[in-house]
Amino acid sequence: MAEECTHDCGSCSADCSSRQGGGIEKAMPHYMSNVKKVIAVVSGKGGVGKSLVTSLMAVNAQRRGFKAAVLDADITGPSIPKIFGINERPINTEDALFPCESRNGTKIMSINLLMENPEDPVVWRGPVIAGAVTQFWTDVAWGDVDYMFVDMPPGTGDVPLTVFQSLPVDGIIVVSSPQSLVSLVVKKALNMANMMNIPIIGLIENMSYIKCPDCGKEIKLFGDSHIEDTAEEFGLDILAKIPIDPKTASLCDEGMIEDIAQDIIPAVDKLFN
Ligand code: ADP
């Protein structure tokens, strides 16, 4: 039995002799897909800015000259098409589903692009939702992609488990906000990634502060952050701290995220080197 075995073959990735049901097979990508790196963006809790960070990472990759894509795995709360201002529907042939493209060429697939009415709720049970996410990998012809960012649903449920087990995830970026409640659930997400041997690229704190438009003073709206403690506890890098900025919120609302000022985008050089 491998040393790191957790005795739960459903969530443990240790390749040990007592594994039941054989190893966990990665899902095969569509034959028209050539995705070089898959980076999942996770958060413990909803509303901390995970979709914003996913979008900023794709804009970052695209501005650096890479071919970027976003797989929106947040099936019950999909916000990626709106943030990129995509209104058309994807082309669907017998052979493949083709992703939509943003104005600057980022490829996007989201359940909202497939809904008759984007305001309709997706009322599916966990395994069906997880199946849809797997299909976004197996049935979508992504073409050549250097960096695919997966916008994960918050928490540690069926979809994160499926993504970690079925997709070739190269690493995760964990998004947090300064409230201590958030740092508690972030630790659950970090522990899940560690249990499943998924490399953690680092932490990004969103909504860290707001800059006074008159004097430039940085005001910590949610009080002092706990991210340094979490980073130290898990031996991780803090990749960036993003301020609250009404301009950022309106770019998301208007579907114009690709127009964001360069200094708001976390550099995350270690990912792109
Ligand atoms: P999550 O994916 O974690 O649920 P979102 O990225 O959808 O969170 O963000 C939730 C809301 O907060 C969105 O309306 C978004 O535009 C806004 N928001 C997130 N981060 C910021 C920020 N740094 N400044 C201003 N608004 C933000």
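Let's start at Val268, which sits in the loop between H7 and helix H8 (269–272). This is a predicted model, so please hear everything today as computed from that prediction. Val268 has a phi near 45 degrees, a positive value in a residue other than glycine. And is Val268 buried or exposed? With a relative accessibility of 5%, Val268 counts as buried, because the cut-off for buried is under 20%.

There is another residue of this kind to show you. Asn197 is not a glycine either, and its phi is positive, at about 55 degrees. You'll find Asn197 in the loop between helix H5 (180–195) and E7. Asn197 is partly exposed, with a relative accessible area of 46%, whereas Val268 is buried.

Cys212 lies in the loop between E7 and strand E8 (218–219). For those of you who like cysteines: Cys212 has a relative accessible area of 18%, so it counts as buried, given that the limit is under 20%. Leaving out residues up to four places away in sequence, Cys212 touches Lys217 and Ile219.

On to the aromatic rings. How many aromatic pairs are there? The count comes to 4. One of them is Phe66 with Tyr147, an edge-to-face pair with 5.0 Å from centre to centre and 75 degrees between the planes. This pair links distant parts of the chain: Phe66 is in the loop between helix H1 (50–63) and strand E2 (68–72), Tyr147 is in strand E5 (residues 143–151), and they are 81 residues apart. Phe66 is partly exposed, with a relative accessible area of 27%, while Tyr147 is buried at 7%.

Tyr147 has another partner, Phe149. Why is that pair called stacked? The ring centres of Tyr147 and Phe149 are 6.2 Å apart and the planes are at 10 degrees, so the pair falls within the 6.5 Å limit for centres and under the 30 degrees for stacking. Both Tyr147 and Phe149 are buried.

Next, the ligand. Which residues come nearest to it? Of the 16 residues around the ligand, those are Gly47, Lys50, Ser51, Asn206 and Pro243. Several backbone atoms come up here too. A polar backbone atom of Gly47 is 2.8 Å from an oxygen atom of the ligand. For Val48, a backbone N or O atom lies 3.1 Å from a ligand oxygen, and for Leu52 a polar backbone atom is 2.9 Å from one. On its own the ligand has 560 Å² of accessible area, and the protein covers 78% of that.

Where does the shell come from? H1, strand E7 (200–211), strand E9 (238–244) and helix H7 (246–254) each supply at least two of its residues. By class, the shell has 8 nonpolar, 6 polar and 2 charged residues.

Last stop, Ser176, in strand E6 (residues 171–176). Ser176 counts as buried, at 5% relative accessibility. Its contacts, not counting residues up to four places away in sequence, are Val48, Val182, Val186, Ile204, Glu205, Asn206 and Ile227.

Conventions:
Residues are numbered from 1 along each chain as its sequence is written. This is a predicted model: local features need pLDDT of at least 70, side-chain atom pairs count only at pLDDT 80 or more; totals for chains, interfaces and linings use all residues. Side-chain values use heavy atoms; hydrogens and water are left out. Rings of Phe, Tyr and Trp (its six-membered ring) pair if their centres lie within 6.5 Å; planes under 30 degrees apart count as stacked, over 60 as edge-to-face and the rest as tilted. Helices (H or I, at least four residues) and strands (E, at least two) are DSSP runs, numbered from the N terminus. Buried means under 20% relative accessible area, exposed over 50%, partly exposed in between (1.4 Å probe, protein chains only). Contact means heavy atoms within 4.5 Å. A residue is near a molecule or strand if one of its heavy atoms lies within 4 Å of it. A polar contact is a pair of N or O atoms within 3.5 Å; within protein, one must be able to donate a hydrogen and the other to accept it, and residues adjacent in sequence count only if both atoms are side-chain atoms. Accessible areas come from the Shrake-Rupley method with a 1.4 Å probe; for residues, only the protein chains shown count as cover. Ala, Val, Leu, Ile, Met, Phe, Trp, Tyr, Cys and Pro count as nonpolar, Asp, Glu, Lys and Arg as charged, and the others, Gly among them, as polar.
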